Amino acid sequence: MSSGWEIRMSNSKGIPYYFNAATKQSSWDAPSELSDDQIKSLPGSQYLSGGSSGGAGTITASHLLVKHKDSRRPSSWKETNITRSKEEATDILRGYQAQVGNSREKFEELASIHSDCSSHSQKGNLGPFSKGQMQKPFEDAAFGLQVGEFSDIISTDSGVHIILRTA
């Protein structure tokens, strides 16, 4: 019986906050209906003690996401109804990949302008995360990268991504 609550790290403030995936409600304060033990068992609870420096198994990555019509939420900050196919999304991302080469600056610029994720406002930066917080294909790719290395195109339920491991 999941409460729907999880703990996430704020990209802008670098401190943890509470997010309810079911209701989309967020709060800096712990939800009053949860006990201390329930809070400690929430996904992301390592942020409460570890801080943004994270502990063992925490990495930081950025990504550039292109959604398609079969994405779990086919809308974004730029388009309310995304109708492109997965193949079209992959072709778009390949074009961005060619522009990026090995340039973190170019990657951040393109992520700011083109990413379908709200992280576009942080140049694609997702902040620190540990295993179990991201979709499995994304997690496997991100944890498999060296710092400063880019992934090839990764497909998840959210869309297609290029990932840059930053720490």
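How far apart are the mean positions of the positive and negative charges of the protein? The mean positions of the 18 positive and 19 negative charges are 1 Å apart, where Lys and Arg count as positive and Asp and Glu as negative, His and the chain ends not being counted, and where each charge is placed at NZ of Lys, CZ of Arg, CG of Asp or CD of Glu.

This is a predicted model, in which local features need pLDDT of at least 70 and side-chain atom pairs count only at pLDDT 80 or more, while totals for chains, interfaces and linings use all residues. Residues are numbered from 1 along each chain as its sequence is written, and side-chain values use heavy atoms, with hydrogens and water left out.

The protein has five helices and seven strands, these being DSSP runs numbered from the N terminus (helices H or I, at least four residues; strands E, at least two). From the N terminus, their order is β-β-β-α-α-β-α-α-β-α-β-β.

The C-alpha atoms fill a box of roughly 50 × 35 × 25 Å along the principal axes. Of the 167 residues, 43% count as buried, that is, under 20% relative accessible area, as against over 50% for exposed and in between for partly exposed (1.4 Å probe, protein chains only).

Asp-37 lies in helix H1, which covers residues 36–40. With a relative accessible area of 59%, Asp-37 is therefore exposed. The C-alpha atom of Asp-37 is separated by 42 Å from that of Ala-89, which is 52 residues away along the chain.
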